[in-house]
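Hi everyone, thanks for coming. Please have a look at the model on the screen, and then I'll walk you through a few spots in it.

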Amino acid sequence: VQLQASGGGLVQPGGSLRLSCAASGTRFSISTMAWHRQAPGKERELVASITSSGRTYYVDSLQRRFTISRGNDKKTMYLQMNSLEPEDTAVYYCEAVLAGTAYWGQGTLVTVSS
């Protein structure tokens, strides 16, 4: 399974970005997909996850600004990020769980700065 994350970039504080993650290389269903992020000098942390049925989970502090979703094909995932803050600067990684195995994308860099 290959995961391709995209949509990162430089944005000013208060701005918005939409990240995308596309999974390929499998005919089987992907159960849970998730976004994680790793800020400079910090450990990787979970941002949000979504099951194949659409059940979502968010880190409490991000729920009011971030929205996770999946495409109808269930192999694409999105993260709409609004009201971005400098503290959101990080490399954002997508994860997909297939038959109990986790797969990771290469990450996309989000920089929030004026």
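**A walk around the model**

Let's start with T89: leaving aside neighbours within four places in sequence, T89 is in contact with A39, P40, V110, T111 and V112, where contact means heavy atoms within 4.5 Å. Before I go on, a word on what you're looking at: this is a predicted model, in which local features need pLDDT of at least 70 and side-chain atom pairs count only at pLDDT 80 or more, while totals for chains, interfaces and linings use all residues. Residues are numbered from 1 along each chain as its sequence is written, and side-chain values use heavy atoms, with hydrogens and water left out.

Back to T89, which is found in the loop between β8 and β9. Strands here are DSSP runs of E with at least two residues, helices are runs of H or I with at least four, and both are numbered from the N terminus. Is T89 buried or exposed? T89 counts as buried because its relative accessibility is 18%; the cut-offs are under 20% relative accessible area for buried, over 50% for exposed, and partly exposed in between, with a 1.4 Å probe and protein chains only. The T89 side chain reaches the backbone oxygen of P86 at 3.0 Å. A polar atom of that side chain also lies 2.9 Å from the backbone nitrogen of V112.

Now to D88, in the loop between β8 (76–81) and β9 (90–98). D88 is buried too, with a relative accessible area of 1%. Which side chain does the side chain of D88 make a polar contact with? The partner is the side chain of R37, at 2.9 Å. By polar contact I mean a pair of N or O atoms within 3.5 Å; within protein, one must be able to donate a hydrogen and the other to accept it, and residues adjacent in sequence count only if both atoms are side-chain atoms. Not counting residues up to four places away in sequence, D88 touches R37, L62, R65, F66, S83, V110 and V112.

On to the sheet. Four strands form an open sheet in the order β1-β3-β8-β7, with antiparallel pairing; two strands pair if DSSP finds at least two bridges between them. β1 (2–6) and β7 (66–70) stand at the edges with a single partner strand each, so one side of each is left without a neighbour in the sheet. From one strand to the next, the twist averages 15°, using axes that are lines fitted to C-alpha atoms, and angles that run from 0 to 180 degrees between N-to-C directions. β7 and β8 run antiparallel and are joined by five bridges, and I68 has L79 in β8 as its bridge partner.

Next, the hairpin. β9 and β10 (residues 101–104) are antiparallel, with four bridges joining them. A96 has Y103 in β10 as its bridge partner. Two residues lie between the strands of this hairpin, and A99 takes a positive phi near 50° there.

Finally, two arginines. The charged end of R18 sits over the ring of Y78, 4.0 Å from its centre, and R44 lies over the face of Y93, at 3.7 Å from the ring centre. The rule asks for NZ of Lys or CZ of Arg within 6 Å of the ring centre and within 35 degrees of the ring normal.

That's my tour, and I'm happy to take questions!
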